[in-house]
Amino acid sequence: MKKIIILVASVLLIVFQACVPTKQFKDLEKSCQDERTELRNQLKNAEEANREYASDIFSLNKRINILTQDSIDLAEDLQKRIFELDKLSRQYDALQRENEYLSSGMNNSSKKLLQDFQDLQNQLLERENMLNERENQLLKSQKEIDERNAKIEELNNILAQQSRELKNLKNEVINALKSYDGQGIDIIEKDGKIYVSMDESLLFMSGSYNVAPEGKKAIQKLGDVLAQNPNINVLIEGHTDNVPYNGSGQLKDNWDLSVMRATSVVKILLENKNISPKRLTATGHGEYLPITNNSTSESRAKNRRTEIVLEPNLQKLFELLEKY
């Protein structure tokens, strides 16, 4: 009996020494939350930028319409001036012919007519320059609109592609885990991500962070899907109910338990050599993000879960935003 006790104590000591300190996991948790917040902010900024571009396009189209109308008005005015010029030219020719028979006293009138004619020519030249300037402004505005449209189209193509990839990924996950229907697995798509929620009853014994054999098989099947989709980042979140965890040793409370459970899932996923550790993040939320109240044993069971969040890599989207 004494040998057995010594053996158990040795095993527990090795397990506890292998655990990562709580502070490191808390630091990791904060880093993950900050990164997720930053990604959400960047995506929000991208969506706001799209709305601003749409507003800019509307304003530019309105401006083009105004400039177009101005151009039409100027063209009509120019036509009238040309008509007036032609009329004056004919009058001038007639006066020139009559000037041969008129006395020198008519010279002043002829000079005034010539001055009026010169003034009219100057006015027409100014109008023509103004029309050319407006035309250049229209061309510049159209170029800006074309560039913005191209950017918006590229953004929309990236978002559409990610939406298709996310839909395909969800179908792959559902097919991989269909044998576990009714065993505590829920798969939903929300906010551009896929949430795979696994109940405690499938993965862990009460108060334990060692994954049960059947739960390990489910995680491994999910890992096979993730290995085939290298552009998907994975966040593993541990959750508990609000019943205090009266543990001993390294685990002190529900925070520790939720973190250790998330880490256990990460280690199983990393058994698949085709999954890069850089894609995985483990975090624990303890009892503080319940999906229902903890007033009954059934609701507490729902809160004791592990959520595996699958999110597309947004690097292409960020690179496009930085490009412009």
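Let's start with Glu271, which is partly exposed at a relative accessible area of 44%. For that label, buried means under 20% relative accessible area, exposed means over 50%, and partly exposed is in between, with a 1.4 Å probe and protein chains only. Before I go on, this is a predicted model: local features need pLDDT of at least 70, side-chain atom pairs count only at pLDDT 80 or more, and totals for chains, interfaces and linings use all residues. Residues are numbered from 1 along each chain as its sequence is written, and side-chain values use heavy atoms, with hydrogens and water left out.

So, what does Glu271 form a salt bridge with? The partner is Lys216, and the closest N and O atoms are 3.7 Å apart. A salt bridge here is a side-chain nitrogen of Lys or Arg within 4 Å of a carboxyl oxygen of Asp or Glu. Glu271 sits in the loop between helix 6 (254-269) and strand 4 (280-284), while Lys216 is in helix 5, so the pair ties together parts that are 55 residues apart in sequence. Lys216 is partly exposed too, at 29% relative accessibility. Salt bridges that share partners also join Glu200, Asp241, Arg261 and Arg304 into one network. The whole structure holds 9 salt bridges.

Now for a couple inside helix 2. Lys30 and Asp34 meet through their side chains in a salt bridge, 3.0 Å from N to O. Both lie in helix 2, residues 22-99, and they are 4 residues apart, about one turn of the helix. Asp34 is partly exposed, with a relative accessible area of 42%. Further along, Arg81 and Glu84 form a salt bridge with closest N and O atoms 3.7 Å apart. How far apart in helix 2 are Glu84 and Arg81? They are 3 residues apart, so about one helical turn separates them. Arg81 comes out at 24% relative accessible area, partly exposed, and Glu84 is partly exposed at 35%. The background is simple: an α-helix has 3.6 residues a turn, so residues three or four places apart point the same way.

Okay, zooming out. The chain has 8 helices and 5 strands. Helices are DSSP runs of H or I with at least four residues, strands are runs of E with at least two, and both are numbered from the N terminus. Along the sequence the pattern reads α-α-α-β-β-α-α-β-α-β-α-β-α. Of the 324 residues, 34% are buried. The chain exposes about 20,500 Å², and carbon and sulfur atoms supply 52% of that; the areas come from the Shrake-Rupley method with a 1.4 Å probe, and for residues only the protein chains shown count as cover. On contacts, meaning heavy atoms within 4.5 Å, take those between residues at least 6 apart in sequence: 74% join residues at least 24 apart.

Next, the core. A nonpolar core is a set of buried Ala, Val, Leu, Ile, Met, Phe, Trp, Tyr and Cys residues joined through side-chain atoms within 4.5 Å. The largest one has 34 residues, and Val173, Leu177, Ile185, Val196, Met198, Ile308 and Leu310 touch the most other members. Helix 5 gives the most to this core, with 6 residues. Leaving out residues up to four places away in sequence, Val173 touches Ile187, Val196, Leu222, Val225 and Leu310.

Back to helix 6. Is helix 6 largely enclosed or largely open? It is largely enclosed by the rest of the structure, because 14 of its 16 residues are buried. Its N-terminal end is capped by Asp253, with a side-chain oxygen 3.1 Å from the backbone nitrogen of Trp255.

Last, a few loop residues. Asn229 is in the loop between helix 5 (213-227) and strand 3 (232-238), and is buried at 16% relative accessible area. The Asn229 side chain makes a polar contact with the side chain of Glu172, at 3.0 Å. A polar contact is a pair of N or O atoms within 3.5 Å; within protein, one must be able to donate a hydrogen and the other to accept it, and residues adjacent in sequence count only if both atoms are side-chain atoms. Asp191, by contrast, is exposed at 64% relative accessibility. Asp191 sits in the loop between strand 1 (185-190) and strand 2 (193-199), and its phi is near 55°, a positive value in a residue other than glycine.
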